[in-house]
Amino acid sequence: MSISHTRLDRFIGEHCQISRRDVRLILAQKRLLVDGEVVDDIALIINKFSHIQLDGVTLQKHQAHYIMLHKPVGVVCATVDKQHKTVIDLLDHPSKDELHIVGRLDLNTSGLVLLTNDSRWSERLMSPEHKVAKKYLVKLEQPITKEQSQRYIEAFAKGMYFAFEDITTLPAKLMTIDEYSVEVKLFEGKYHQIKRMFGRFQNPVIGLHRESVGSLVLDENLAIGESRSLTADEVEDIFIE
Ligand code: URA
């Protein structure tokens, strides 16, 4: 059995098919460890990442996984697809079927894609309240002059209204690199957001690459299509700007 959040006594009762009274007895006898600590609190809330042992036998060992992938253009951010190779197909990970994608990229966008089985972590990363920046390198079809770039910067910072969803985009940061390239920092992820925002200036995006999410930068040692696990520090520090 694996759970997202539940009370310890409920988990033990269901897992071992015993009554709450017997669960209480086990706890009183200090036979139960959660994450290596003896527990006696029946109301303790555990999650699917809690390591639970009874009399030295592991009842639940569910590890969290965090992966960064260098997504190629032409691979779809989905778990299954009839037409295209998926990001999951690219992974060589024993638990890859448990993972979900944290913030999808379009088929023709490349760069940093994160995958995990820890939904609390991914919700925190994607929620606009936490203001985690997603940084993109954008190649444009038309060159932009200094004056035009000022207008782009202002429009991105102000936010754009999308009638279809009836939303105004959150303030975004745009920085010019050269006349055909800009860097954009978004704090949310609306459908085709960057392409639609440049569409307002009739300047199509011809290349889009995600460079970083929060403080986590795509590892330059990862070739296109390669992936690796995040370190414990990367998992924590990603939220620090
Ligand atoms: N904005 C887009 O238009 N596409 C992406 O893949 C990401 C952001």
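Predicted model: local features only at pLDDT ≥ 70, side-chain atom pairs only at ≥ 80, totals over all residues.
Q: How is the chain divided?
A: There is a domain 1, covering 5-60, and a domain 2, covering 66-237, with bounds that come from an automatic or database domain assignment.

Q: And what separates their centres?
A: Taken over C-alpha atoms, the centres of domain 1 and domain 2 are 41 Å apart.

Q: Which of its residues are buried?
A: Ser-149, Tyr-152, Ala-155 and Phe-156 are buried in α5, where buried means under 20% relative accessible area, exposed over 50%, and partly exposed in between (1.4 Å probe, protein chains only). Seen down the axis of α5, these buried residues fall within an arc of 125°, so they line one face of the helix; the arc is that of the directions from the helix axis to the C-beta atoms.

Q: Why would residues three or four places apart point the same way?
A: An α-helix has 3.6 residues a turn, so residues at that spacing point the same way.

Q: What covers the buried residues of α5, and what is on the face turned away?
A: The cover includes β10 (134-140), β13 (173-178), β14 (181-186) and α6 (193-199), with contact meaning heavy atoms within 4.5 Å. On the face turned away from the buried side are the exposed residues Lys-146, Glu-147, Arg-151 and Lys-158.

Q: What follows α5?
A: Gly-159 follows α5, and the phi of Gly-159 is positive, near 95°.

Q: Where else is phi positive, although the residue is not a glycine?
A: Lys-131 has a positive phi of about 50°, and Asp-166 has one of about 55°. Lys-131 lies in the loop between α4 and β10 and is exposed, with a relative accessible area of 56%, whereas Asp-166 lies in the loop between β11 (161-162) and β12 (167-168) and is exposed at 53%.

Q: What about Glu-165, what does it touch?
A: Glu-165, which is in the loop between β11 and β12, is in contact with Tyr-191 and Arg-196, leaving aside neighbours within four places in sequence. Glu-165 is partly exposed, with a relative accessible area of 28%.

Q: Switching to α4, which residues are buried there?
A: In α4, Trp-121, Ser-122 and Leu-125 are buried. They cover an arc of only 95° around the axis, which puts them on the same side of α4. Their cover includes β7 (66-71), β8 (100-102), β9 (109-116), β10, β15 and α7 (232-237).

Q: And what does Trp-121 itself touch?
A: Not counting residues up to four places away in sequence, Trp-121 touches Tyr-66, Val-102, Leu-114, Thr-116, Leu-230, Val-235, Ile-238 and Phe-239. Trp-121 is buried, with a relative accessible area of 6%.

Q: Last topic: what volume does the largest pocket have, and what lines it?
A: The largest pocket has a volume of about 340 Å³, and of the 19 residues lining it, Arg-104, Asp-106, Tyr-136, Lys-190 and His-192 lie nearest its centre. A pocket here is an open set of points on a 1 Å grid over the protein atoms alone, where a 1.4 Å probe fits, with protein on both sides within 12 Å along at least five of seven lines, and lining residues have an atom within 4 Å of a point. Grid points are joined across faces, edges and corners, and the volume is the space filled by probe spheres set on the points.

Q: Which element supplies the largest share of that lining?
A: The largest share, three residues, comes from α6, while β10, α6 and β15 (205-213) each supply at least two residues.

Technical notes
Residues numbered from 1 in each chain as written. Heavy atoms only, no water. Helix = DSSP H or I, 4+ residues; strand = E, 2+ residues; numbered from the N terminus.
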